[in-house]
Amino acid sequence: MEHAHAADAHPTPALYGLILGALLIFTGITVWVAFHDFGVLNNIIALGIAGIKTVLVVLFFMHVKYGSRLTKIFAVTGFLWLSILISFTLSDTETRKHLRQEKNVQWPSGWAPLPADVKEPGAPIAEHGEHHEQAAESH
Amino acid sequence: MSAVAVPKHEEAPALEIPSQNYLNDGYSIRSWLLTLDHKRIAILYMVAVAIFFLMGAAFALMIRLELLTPAGDFMEAETYNKMFTMHGVVMIFFVLIPSIPAILGNFLIPLMIGARDVAFPRLNLMSWYVFMLGGMLLLTTAIFGGVDTGWTFYVPFSSMFSNSNVILATMAAFTAGFSSILTGLNFIVTVHTMRAPGMTWFRLPLFIWALYATSLIQVLATPVIAITLVLLMLERGLGLGIFNPALGGDPVLFQHLFWFYSHPAVYIMILPGMGVLSEMIACVARRRVFGYSFVAFSSLGIAIIGFFVWGHHLFVSTQSVYAGLAFSLITFLVAIPSAIKTFNWTATLYKGSISYESPLYFVVGFLGLFVIGGVTGLFLSTAGLDVHLHDTYFVVAHFHYIMVGGEIMAFLGGLHFWWPKMTGRLYPEFWGKLSASLVFVGFNLTFFPQFLVGYLGMPRRYHTYPPEFQLFNVMSTAGASILGVGYILPFIYFLWSLKYGKVAGPNPWRAKGLEWENTTSPPPTGNFEHTPIVTEEAYEYSHLPEANVVRASTH
Amino acid sequence: MSEQAHISAAHHDPFVAHQFDDRAQQTEAVSLGMWAFLVQEILFFGGLFTGYTVYRSYYPDSFIAGSYILDIKLGGFNTAVLILSSFTMAMAVYSAQNSKKGSLIGYLIATLFLGFVFLGVKVIEYSEKFHHHHIPGFGFQWHEPIGNAKNVEIFYSFYFAMTGMHALHMIIGAAILIPLIILAWRGRFHKDYYAPIEVFGLYWHFVDIVWIFLFPLLYLIGRHAHVG
């Protein structure tokens with residue numbers, strides 16, 4: 001079993017200080033970039049810098065660089081799995097968002113169909129958990 | 001090389017319950033409620049899950065009684081909605097998810113890998129308390145009138161229109177989920193760091209591979225439903241609008257977040273059952289599982305691929321057809337590792353030296369029912385067909401075949417198989433076989449008609465139905481009563497066996513495995529007198545001295 | 001069948017729990033355990049990030065509008081505070097590894113102090129939002145000329161859910177730091193036993209990482225569109 005804490009496998013305060021400086025500098029860069037229009041690159045740079053900062057924290061402050069392979073696998077897996085959640089969800093929302101329309105959705109009161117000439121937008125029935133009367137008959 | 005000599009049957013001395021075992025290591029309530037022993041924690045879970053099972057079964061009884069007749073004459077629509085919701089919430093979060101991992105997993109994992117306990121015994125106890133807290137919240141929900149949204153809590157009904165105890169119910173599910181995360185975390189670390197010397201990954205029992213894969217899912221998937229339920233609580237409590245179309249929200253987003261967990265959750269439920277199957281099959285066939293590494297990797301394969309298919313629950317939700325296409329295709333792929341397991345199990349049985357004991361009955365029951373459930377999943381993963389089948393009883397039948405016909409059968413089988421190890425007593429064989437048979441017959445009578453009636457168009461989650469479906473519904477309710485008898489019997493004879501059952505001895509099934517060969521029944525608190533050193537592969541039944549095995553005799 | 005080993009039950013190392021064979025196994029297990037916990041934390045926050053991503057894609061202008069009136073100075077200051085607190089936490093672990101009790105206590109207290117500064121700034125930000133009726137569910141009103149009120153409310157729902165959940169995790173971290181400081185003061189940690197410090201450090205760094213993503217995603221959306 002790998003002993004993850006051999007005395008010679010750890011960063012020094014100097015290295016920590018360097019990482020601190022780098023993190024602060026990257027923070028400054030990301031703020032600066034935000035105030036300039038690079039088009040679609042703005043998002044890429046913002047996430048990229050956040051990613052670099054994360055990698056620095058994970059590798060050095062969290063000692064993953066000096067840790068076991070298993071620790072590295074755990075660290076990567078978490079972010080990888082989140083990327084599955086986000087990317088597959090986006091595969092749905094991005095390919096149908098052009099179909100979404102701003103509609104004045106009116107919730108019917110009671111469960112009866114909405115009359116054609118209703119002008120007021122309907123309010124949701126159960127406001128903050130209040131009770132309401134409902135139609136007695138079932139479908 | 002032989003270890004502790006196992007006496008031939010005809011020379012066996014009278015078997016005794018060991019004078020010092022984990023069950024008599026302290027009799028006070030405090031020694032149970034503050035235990036750090038994984039075996040006692042498993043028993044605590046067993047009692048809790050048994051109670052929740054009865055509760056969930058009671059709700060099922062209500063459902064089947066209402067559905068005896070087409071008219072909604074037994075209860076109001078809203079009451080019926082509460083029945084199926086509570087049935088689902090109880091059975092999924094408080095029975096199926098914890099059952100095998102928290103009971104058999106907790107009991108067996110340290111024993112099977114040669115460890116004294118799990119990696120974090122206090123966390124283990126805490127997970128039980130968290131589970132009980134969830135149970136209290138669930139009971140409170142029931143007392144305050146239940147919840148009627150379906151166990152899936154779909155918005156905007158759950159967030160805006162339901163008059164029932166949505167927030168309480170989601171808190172109960174959230175809490176049970178947290179318990180599940182802690183259990184999974186504990187098992188992952190235990191398997192990585194606490195295997196006995198010589199217990200390499202590929203010498204592990206397949207039960208461990210299955211539980212390890214399950215634990216991965218528990219840790220990776222459960223937090224997503226946790227945050228989703230939090231968002232639902234905030235939405236309902238504060239009227240936020242993130243899932244309300246009138247305020248720009250997208251209800252389908254809820255479904256994505258919900259099913260990202262809930263689909264892998266079904267693999268949390270079935271994988272441990274598959275692990276139990278591997279152990280029982282090796283034992284009843286007296287040989288190593290065919291294709292060990294295929295079965296081991298297929299557990300991981302199911303766990304991983306299972307994360308990419310959740311959109312098959314959203315085919316008719318307005319999910320984009322492009323996403324639907326991807327999810328449908330990948331769902332077909334996830335059937336493959338399950339099929340690999342099934343073929344390997346069959347190959348293990350083929351030309352094995354099979355003994356017709358009660359574990360075999362559960363094995364056969366599982367294989368038949370799981371296969372039916374599995375192939376009907378392929379019907380549903382075909383997006384075009386799903387348009388017709390979604391929200392019909394076809395879906396209900398499909399998942400009950402897997403969850404009940406598969407997992408509960410495996411769970412019961414595992415309880416039977418390891419009962420002698422856990423209690424030191426044998427249950428009566430005849431009653432074990434009878435129970436398995438009744439469950440098999442009753443189950444098919446309950447749920448096969450539901451495939452037919454679902455395909456014919458009967459929708460789920462309605463307390464009424466068109467009169468032409470009544471025959472199948474009556475058959476289903478009749479089957480449910482037989483099924484109920486099959487489930488009640490073990491409660492009786494297991495309890496009976498605690499006092500009157502024959503003493504089992506260390507290895508009544510003559511099985512391979514550290515839990516059978518290296519410790520007593522019941523085991524001592526520290527599991528082993530000395531840490532075992534593992535020198536052979538799993539399931540080396542050929543190393544046993546007797547070719548024709550004579551079992552400990554039973555009633 | 002397995003041979004039974006006659007391993008002496010020996011080592012009554014007081015710092016090794018009964019289920020472990022030795023210090024190394026315990027340290028490895030505890031570290032993996034915390035990492036497994038952090039993995040599930042990534043997924044926990046991840047649900048919020050997913051929702052955020054979907055709605056930012058649906059309503060880019062409203063997200064820009066909602067982000068624009070967040071105080072970037074306070075947000076940036078808090079980012080620096082947290083990064084500094086990660087540094088002090090790493091130094092605390094280093095101190096423990098080298099049995100430097102004094103600097104261990106000092107760095108732990110510094111970390112706690114910076115955590116409180118962060119939370120204090122959040123209190124300021126939240127109360128400002130409250131005064132402007134920008135908290136969804138508590139009388140949300142939007143009177144700016146940019147963004148659609150309903151959709152900006154969705155932005156703020158995620159803003160408060162994400163920063164609120166983050167702040168909750170910081171509060172929990174602070175609550176755990178206090179007994180750690182006390183134990184450190186009592187001389188519990190030294191180069192042969194400092195796993196709790198290291199493992200808590202992992203948690204603290206994780207909370208920092210969450211904020212590293214929250215800051216640009218919430219505070220820096222499209223600032224370029226409204227310079228001046």
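**View 1. The area buried between chain C and chain B is about 4100 Å² in this predicted model.** Buried area here is the accessible area (1.4 Å probe) that two parts lose on being put together, summed over both, and carbon and sulfur atoms give 66% of the area between these chains. The contact, meaning heavy atoms within 4.5 Å, takes 42 residues from chain C and 52 residues from chain B. This is a predicted model in which local features need pLDDT of at least 70 and side-chain atom pairs count only at pLDDT 80 or more, while totals for chains, interfaces and linings use all residues. Residues are numbered from 1 along each chain as its sequence is written, chains are lettered from A in the order in which they are written, and side-chain values use heavy atoms, with hydrogens and water left out.

**View 2. A salt bridge joins the side chains of B:Arg116 and C:Asp21.** The N to O distance is 2.9 Å, where a salt bridge requires a side-chain nitrogen of Lys or Arg within 4 Å of a carboxyl oxygen of Asp or Glu. The count between chain C and chain B is 1 salt bridge, whereas between chain C and chain A it is 0.

**View 3. Chain C and chain A bury about 4500 Å² between them.** Of this area, carbon and sulfur atoms give 75%, and on the side of chain C the residues C:Trp35, C:Tyr58 and C:His224 lose the most area to chain A, together 14% of what that side buries. In this interface, 52 residues of chain C are in contact with 51 residues of chain A.
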